[in-house]
Amino acid sequence: MGATAVIGQREDMANWSRDEEAVGELISRARLRLGKSQYALADALREASQRSDGAPDRGMVARWETGRRIPTPYWRAHLATVLQLPAAQLDKAASIAKARRADGAESAERLSSDRKSTRLNSSHI
């Protein structure tokens, strides 16, 4: 596969990921549909997972919803049960969130590179 094909695939994935719902958005929408607070969702997840270590807490739910963290497959399985969603939908939404992160990192890297290039070019004037 040539470099042009790889670049085209990345652009297609980036466009696809912007048009689809990321996992945080999906969790938030499903939680609100069920009339649950972030605290109530965390409680329901603790019950479903039978964990006694306090995880997840409301802060973890908030980090998932804002996209600062992506729930692991372990938590996505419990989220599917509690939020009454197909596990595959949560997995796809997690992939979308990861693609957006990668696209954002590449964009930031390009911006940084463009700024360095601009500084170098203006120093030669």
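Predicted model: local features only at pLDDT ≥ 70, side-chain atom pairs only at ≥ 80, totals over all residues.
Welcome! Residues are numbered from 1 along each chain as its sequence is written, and side-chain values use heavy atoms, leaving out hydrogens and water.

Next, switch to a cartoon view. You will find six helices and zero strands (DSSP runs numbered from the N terminus: H or I of at least four residues for helices, E of at least two for strands). Of the 125 residues, 32% are buried (under 20% relative accessible area, with exposed over 50% and partly exposed in between, using a 1.4 Å probe and protein chains only).

Now select residues 23-33, helix α2, and pick out R31. Is R31 buried or exposed? R31 counts as buried because its relative accessibility is 9%. Show side chains, and look for the polar contact of 2.5 Å between those of R31 and E65 (a pair of N or O atoms within 3.5 Å; within protein, one must be able to donate a hydrogen and the other to accept it, and residues adjacent in sequence count only if both atoms are side-chain atoms). Beyond neighbours within four places in sequence, R31 is in contact (heavy atoms within 4.5 Å) with K36, S37, Q38, L41, E65 and L83.

Follow L83 to helix α5, residues 73-83, where the buried residues are W75, R76, H78, L79, A80, V82 and L83. Finish at Q84, which follows α5 and has a positive phi, near 55°.
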